[in-house]
Amino acid sequence: MTGRLDAYRAKRDFTRTSEPDGEAPMVRQAEHLRFVVQKHDATRLHYDLRLEVDGVFRSWAVTRGPSLDPAEKRLAVEVEDHPLEYGDFEGTIPEDVYGGGTVMVWDRGFWAPEDGADPAAALEDGHLKLMLVGSKLKGSWALVRMKPRKGETRHNWLLIKHRDQWATPEKDVLRHDRSVASGRTMAAITKGKDPGPSPFLGREARFGAAARWSSRQPEKPSAVSATPAAVSARRAPTFDVSAPKLTHPDRILWPDVGLTKHDLAEYLLSVAPRMIEHCYGRPCSFVRAPDGIGSETFFQRHAMRGQPKSIHSVVLDEAHEPYLEVD
Ligand code: MN
């Protein structure tokens with residue numbers, strides 16, 4: 001699958017932006033192909049239609065948005081493939097960055113090619129008939145590639161609603177103007193108001209209410225250890241690394257050097273910016289030392305009663321008990 005996201009990556013400098021690079025997908029498997037439509041208030045307002053094909057999102061910018069009227073053929077400009085985790089993003093891309101503007105998860109759901117066609121082959125041929133099962137977009141549609149005009153480098157397509165029970169000439173589906181992931185309006189998303197978007201592609205929420213794809217801050221571990229500051233980590237735009245409330249902060253964990261639970265928490269805060277990339281979205285095993293590091297320790301891989309809310313379970317396969325993940 002490498003190569004599919006080359007154009008996507010070429011447009012972005014991942015040392016400056018926290019957009020996903022698609023290198024370590026944190027996307028759960030699904031029985032059906034998924035689609036999203038992201039309303040994107042960029043230089044020009046448009047709706048990005050993204051169809052899951054072969055592990056990436058094939059993407060089109062639909063300038064006037066989809067229409068339920070079969071007589072309305074909407075221009076859909078093919079854009080670069082996007083990683084699947086992109087489909088969970090709702091928030092604001094800063095103005096000075098590629099694609100700057102507010103993004104809403106306007107619709108999402110599952111899709112299937114009609115007549116059992118191979119999606120990649122149908123797209124190659126320039127004609128895809130598809131079924132959409134979303135919250136707003138439903139039923140049968142067509143994506144048809146237009147003959148390129150002389151000198152045209154972009155691929156222009158038409159998105160057309162087929163006649164079926166969901167087709168209607170009157171209703172403007174774009175009036176349904178709230179996010180299907182958060183219920184928010186564009187204005188509320190721009191302001192970063194609660195609630196953040198619920199996840200669809202990922203195993204859990206990755207983007208908070210105030211999600212911003214901002215330039216990466218230079219890492220300053222010393223500043224982090226002094227105060228529980230919000231730290232932005234690469235691929236994890238909204239992680240707030242903050243100190244948990246400690247019970248018994250003065251409890252001595254390393255008796256021979258006199259280090260306390262508070263000291264351990266400070267250390268973890270200082271290494272969090274480097275560590276979190278490797279832990280986030282991955283099942284973890286813990287070495288537990290309930291009576292201090294000098295006493296008996298044990299491995300924990302599955303949920304136990306009374307664990308903090310920031311630890312939750314993830315099902316990897318049916319044969320094993322859920323594993324643990326940390327926020
Ligand atoms: Mn866009």
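Modeller: Start with R58. R58 is buried, at a relative accessible area of 11%. Keep in mind that this is a predicted model.

Biologist: Why is R58 called buried?

Modeller: The cut-off for buried is under 20% relative accessible area. R58 has 11%, so the label buried holds.

Biologist: What makes D81 and R58 a salt bridge?

Modeller: The cut-off is a side-chain nitrogen of Lys or Arg within 4 Å of a carboxyl oxygen of Asp or Glu. For D81 and R58 the N to O value is 3.6 Å, and the pair counts as a salt bridge. D81 lies in strand β4 and R58 in strand β3, so the pair ties together parts that are 23 residues apart in sequence. Both D81 and R58 are buried.

Biologist: What links E78 to R58?

Modeller: Another salt bridge, at 3.8 Å from N to O. E78 sits in strand β4 and R58 in strand β3 (residues 56–62), so this pair ties together parts 20 residues apart in sequence.

Biologist: Which residues make up the salt-bridge network around R58?

Modeller: R4, R58, E78 and D81 are linked in it. The whole structure has 13 salt bridges.

Biologist: How do you know that R12 and E80 form a salt bridge?

Modeller: Their closest N and O atoms are 3.3 Å apart, and the limit is 4 Å. R12 lies in the loop between α1 (6–10) and β1 (33–41), while E80 lies in strand β4 (residues 74–82), so the pair ties together parts 68 residues apart in sequence.

Biologist: Are R12 and E80 buried or exposed?

Modeller: Buried. R12 has 8% relative accessibility. E80 has a relative accessible area of 9%. Buried needs under 20%, so the label applies.

Biologist: Now the metal. What makes H40, H46 and D48 donors of the manganese ion?

Modeller: Distance. A donor is an N, O or S atom within 2.8 Å of this metal. The atoms here are ND1 of H40, NE2 of H46 and OD of D48, and they lie 2.1 to 2.3 Å from the manganese ion. Water is not among the atoms, so the site may look incomplete. The donor spacing in sequence is H-x5-H-x1-D. H40 and H46 are buried.

Biologist: Why is Y47 called buried?

Modeller: Y47 has a relative accessible area of 4%, so Y47 is buried. Y47 belongs to strand β2 (residues 45–53).

Biologist: What is in contact with Y47 beyond its neighbours within four places in sequence?

Modeller: The contacts include V37, W60, R64, P66, W106 and L174. Contact requires heavy atoms within 4.5 Å. Y47 and L174 are 127 residues apart along the chain, with C-alpha atoms separated by 9.9 Å.

Biologist: What makes the side chains of strand β7 alternate?

Modeller: Facing and burial, over residues 127–134. L128, L130, L132 and G134 point to one face and are buried.

Biologist: What about the chain overall?

Modeller: The chain has five helices and 15 strands. Of its 327 residues, 44% count as buried. The accessible surface is about 17800 Å², and 52% of it belongs to carbon and sulfur atoms.

Terms used: Residues are numbered from 1 along each chain as its sequence is written. This is a predicted model: local features need pLDDT of at least 70, side-chain atom pairs count only at pLDDT 80 or more; totals for chains, interfaces and linings use all residues. Side-chain values use heavy atoms; hydrogens and water are left out. Donors are N, O and S atoms within 2.8 Å of the metal (3.2 Å for Na, K and Ca); water is not among the atoms, so sites may look incomplete. Buried means under 20% relative accessible area, exposed over 50%, partly exposed in between (1.4 Å probe, protein chains only). Helices (H or I, at least four residues) and strands (E, at least two) are DSSP runs, numbered from the N terminus. Accessible areas come from the Shrake-Rupley method with a 1.4 Å probe; for residues, only the protein chains shown count as cover.
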